[in-house]
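My plan is to look things up one at a time and jot down what I find.

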Amino acid sequence: MNTIQRESSEAVSESILAGERHYRQLFDESIEAIALADRETGTILDCNPAFLRLTGYERSELIGRPQTMLHPPEEGNPPVTHNFVIHRSQEPGRVLKDRLITKSGAVKEVEIAAGTIELGGRRLLHGFFRDVTEELRIRRERETSLALLRLLNDRNHTHELIRNLTDFLRKWSGCEAVGVRLRDGDDFPYFETRGFSAEFVRAENYLCRRDLDGQISRDDFGNPQLDCMCGNVLCGRFDPALPFFTPYGSFWTNCTTELLANTTEAQRQARTRDRCNGEGYESVALIPLRHGERILGLLQFNDRVRGRFTPELISFLENISRQIAVALAQRQTQAALEDSEERYRRLFEIESDSIILIDVETFDILDVNEAALKLYGHTREEFLRLKATEVSAEPEKTRRFISSGQTHIPLRWHKKKDGTVFPVEIAGGYFDHQGRKIHVAALRDITQRMRDEEALRDCEERFRQMFDHIGSGMVVYEAVEDGADFLIKEFNPAAERIARMKRAEVLERPVSQVFPAVMDIGLFAMFQRVWRTGTPERLSESSYRDDRLSIWVENYVYKLPSGEIVAIFDDITERKRAEEQLRESEIWHRALIELGVSVYVVLDERRLIRYASPPARKVLGWRAEEIQGKTIFEFVASADAELGARFFAELYRSPGRRKRVLLHLRCKSGESKAMEIFGVNLLEEPAVKGIVLSGHDVSEQVRARERIDVLRAELTHASRLAAVGAIAAGIAHEINQPLAIVSTWAEIASREIRDNLGGDKREALLALMRIDAAMQRSGDILQHIKDFARKSGPAIAEVSMSDAIVEVLQLVDRQLRVAGVALSVEVDPELPPVLADRIQIQQVLLNLILNAVEALAGAEPQARRVEIRARVSGDALETAVSDAGCSVPAERLERIFDPFDSTKPEGLGLGLSICRTIILSHDGRIWAARNGERGTTVAFTLPLAKETFHGTKNDDPYRG
């Protein structure tokens, strides 16, 4: 009997030792920083390697030391920190934010979850530490950027903007004093300050050095000499090799006393007044307000406390200074425009292009209109003493243009009286007058149009940056052969990292070749479902294995308006490995659930909540007794009721089933939170006998995806506005023509009424009727332009393609005539209608016609021809635009619809990409083909409406 008891005791001891070894392995290999401390004294008893990496200490430097050494000193020097006392007295799992001081002295923001455990008869506090320093910094910077953008976008003047800006920056930065200097003549006085004394501002207001006569001192180049560090920043005098300067040209220091003691005036680049240090300011930062190559002023931050700044904070301040400089430049430009408008308001009743009459032989300027005087800044007398080449920044090109007889120049650079160089578009004509050949030049300032194009390029860059820097793998696929396979169209850097393949290796290759195991895990079938239905789907964690790659991944797939599908995936191999380890230890598993930050819920076989972890109760705001025993459906938002029912029905159907879903859960406060929920069916596991749900709050990610959709719509609208700008000259011509008709017939009507007061009024009546028709024509043109440029959502309705083509051709009529392009239109006015958004389809037609015209720029006059055809093809309407210009190379034909791919040197590569997005969003198809040796045809189809539209015939000359 004693032998049996001894053997049993030895077995228990061996089991305990094995458990301890297993716990120590999990403790040491955990990626989460963990520390054990005596619950009463706060003495550090143990910590894992992750905690040592977080603090920078060796283990021997921490064991036996008080936990207060890792936190900022508190008043009264208590034996343990305030948060330690809270963790000791509150329920386990409560997460507190704290500051942790590393061995190097750096301060990190952390989240601590702790609870009491008993080990060997001793009560210990078990703490989990998560470094959130970078997360909080990014969040604060994002919130600050948004607040700053709202501030900069307010409709106010410069004084109000700077006043609000300095107040905002002082509160946000926590600095004692903030100021803004702006250029005023040769100097940069304070425009606005917060926190500086009146004496300091008076003494430091001006930076220009003065000579004995009180005049501004200048260098050998005539530039004013600006003193002190402010002068360095404003003049661009800096050496980025020195620690107190940045490559951007900013100056900063966390201790002016040490800087002045350890540097020479030569190193500081200028004579320093030392007044900031004299006033006790130790932390000083000077950030230039740079717009392009110009420095408009600077931002100044002063504080008497040392160590206010970090390199990351200075970099962020430099980023926001660029935004502030842009806003200031815009307001300065706006102010200048307002002044100009007021100055010339009484001289103009309507706006018009600048008109200049030039002698073709001598290039003398013979006459100008008031608009030209306003644009160039010359008086009429000064203008008439000039030659045409003297108002051009490219005089030789201007000379050739006038002499050659050309009628249109899309871009030429001219100069104003003050020397400002600006871009113009020129439409020219010629006539003979008293034996002299006169050139008539109509000039339009296109500065704003070029700025809009630059803004569009910036928008494209932002989208590219977002795609390249997102942490999850992202792949864009295009369906081929009706979903039989999917070609890889885009592959971001995160996808390269996770899949261990380069972008160039996978582009234009089918997914079945690149990732053959997608068939095995059900991902390929999900691609096909999402592509056909447009409903996003998520594939919960799955083990992907092929000959090259073996990882655990989770996928989220959705469809773009273009018809492409996007797969977002994450490598969860490490998380999966951690879950397997957690499953091996019940004690460890319980500690992670109770003290971690993830949400855990356990349901019984009746779908009633049997357990909800403290983080789950904290996220939803319910107490334990308010959750337990309730059905899970009571907490699913009504909008997701059907999705939730389907999710849980599938989860309960099969033991061992794993499934992931995104649901909106109802909080006690009344709001709903988007939760990514992972569920596993463990009803047949004796230790669980339930459904285990884990999840986390993804509300912010959901809102971010919605913002991306809004930005995509903004990009399409920007393209439409650019198209309106491109046809602006033709619009002016189309409106001027009916107005000229109105003027002529009004004169006839007046003469008939005056000469035939007692006679027949038919001629007068006929003239008035023609006036009415011409005015109606003008109104129709203006309304169509307004409809085309309006920013609005899609308006699907029955659309007559023949009418749509006629309306677009009316817009580009002048471009066709100026370019000498002949037009052939083969469109039956009785074509059945299509279901589409009229404005979006006209945008596609306009882009294709303008592309065809540009392709004919170098063709012989007799070859400049554009053909437009529309015909019924099956259950769709096919429309094609052909030209006889330079053909697209065969190797590029498949890529011309890709974003940022252009055959034109100045092209953005967006026009055809947007056309494809619009056509695919209408369930249509678009393609391109070569026309033999010369020319290209671009065609697209749209589905026919169910009911045939019977339109009336129109006698417009553009009908085929």
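Before I start on packing, I note that a contact here means heavy atoms within 4.5 Å. I also keep in mind that this is a predicted model.

**Entry 1: the whole chain.** I began with the overall picture. The protein chain holds 960 residues, and buried residues make up 44% of them. I found 29 helices and 32 strands in the chain. Then I looked up the accessible surface, which comes to about 50,500 Å², with 52% of that area belonging to carbon and sulfur atoms. For contacts between residues at least 6 apart in sequence, 54% join residues at least 24 apart.

**Entry 2: helix H3.** Which residues of helix H3 are buried? I looked along residues 82-89 and wrote down Asn-83, Phe-84, Ile-86, His-87 and Arg-88. Next I asked which strands these buried residues pack against. My list reads strand S1 (33-38), strand S3 (95-101), strand S4 (107-119) and strand S5 (122-131).

**Entry 3: Asp-38.** Strand S1 sent me on to Asp-38, which is found in that strand. Is Asp-38 buried or exposed? Its relative accessible area is 10%, so Asp-38 is buried, given that the cut-off for buried is under 20%. I then checked the polar atoms of its side chain. One lies 2.8 Å from the backbone nitrogen of Glu-40, and the backbone nitrogen of Thr-41 lies 3.0 Å from a polar atom of the Asp-38 side chain. Leaving aside residues up to four places away in sequence, Asp-38 touches Thr-43, Leu-45, Phe-84, Arg-122, Arg-123 and Leu-124.

**Entry 4: Thr-535.** My last stop was a loop. Thr-535 is found between helix H18 (523-533) and strand S18 (537-545). With 45% relative accessibility, Thr-535 counts as partly exposed. How far apart are Thr-535 and Tyr-558 in space? From C-alpha to C-alpha I noted 6.7 Å, while 23 residues separate the two in sequence.

How values were computed:
Residues are numbered from 1 along each chain as its sequence is written. This is a predicted model: local features need pLDDT of at least 70, side-chain atom pairs count only at pLDDT 80 or more; totals for chains, interfaces and linings use all residues. Side-chain values use heavy atoms; hydrogens and water are left out. Buried means under 20% relative accessible area, exposed over 50%, partly exposed in between (1.4 Å probe, protein chains only). Helices (H or I, at least four residues) and strands (E, at least two) are DSSP runs, numbered from the N terminus. A polar contact is a pair of N or O atoms within 3.5 Å; within protein, one must be able to donate a hydrogen and the other to accept it, and residues adjacent in sequence count only if both atoms are side-chain atoms. Accessible areas come from the Shrake-Rupley method with a 1.4 Å probe; for residues, only the protein chains shown count as cover.
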